[in-house]
Amino acid sequence: MALVPYEEPTGIGLQRFHKPLATFSFANHTIQICQDWRQLGVAAVVWDAAIVLATYLEMDAMELRGCSAVELGAGSGLVGIVAALLG
């Protein structure tokens, strides 16, 4: 478990992590992920790195059909969801 000092946002920055729902469009699907920073902490939000990697996978950078994958990331699982949708 990581200790992350954190104060409620007063300006721009981490405010989007406090939204209860994050919506994305990947692999011709709309993906909605519930987020709850206050109750579950840093593992309950969609991080920018996940969005970048999911976009990379969607660009046909890798052939995923017929492959097995284990997502060892942190966060809500967006990359695993997109990988499953892509094959």
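This is a predicted model: local features need pLDDT of at least 70, side-chain atom pairs count only at pLDDT 80 or more; totals for chains, interfaces and linings use all residues.
Helices α2 and α3 are roughly parallel to each other, a label given to angles under 35 degrees, with over 145 counting as roughly antiparallel, 65 to 115 as roughly perpendicular and the rest as oblique. The angle behind that label is about 15 degrees, and the axes of α2 (residues 48-58) and α3 (residues 78-85) lie 9 Å apart. Axes here are lines fitted to C-alpha atoms, for helices over the stretch in contact, and the angles run from 0 to 180 degrees between N-to-C directions. Helices (H or I, at least four residues) and strands (E, at least two) are DSSP runs, numbered from the N terminus.

Residues are numbered from 1 along each chain as its sequence is written, and side-chain values use heavy atoms, with hydrogens and water left out.

As for confidence, the chain averages a pLDDT of 79, on the predictor's scale from 0 to 100 for each residue. A score of at least 70 is reached by 77% of the residues. Helix α1 (residues 37-40) has the lowest confidence, at a mean of 75, whereas strand β2 has the highest, at 93.

Back at the helix pair, A50, I51, L53, A54 and L57 of α2 meet L78, V79, V82 and A83 of α3, where contact means heavy atoms within 4.5 Å. The crossing of α2 past α3 is right-handed, meaning that the near helix is turned clockwise from the far one by less than a right angle, with anticlockwise giving a left-handed one.

Then there are the strands. β1 (residues 21-26) and β2 (residues 29-34) pair in the antiparallel sense over six bridges, pairing being called when DSSP finds at least two bridges between two strands.

A27, in the loop between β1 and β2, has a positive phi of about 55 degrees although it isn't a glycine. N28, found in that loop too, isn't a glycine either, yet has a positive phi of about 60 degrees. As for accessibility, A27 is buried, at a relative accessible area of 14%, but N28 is exposed, at 82%. Buried means under 20% relative accessible area and exposed over 50%, with partly exposed in between (1.4 Å probe, protein chains only).
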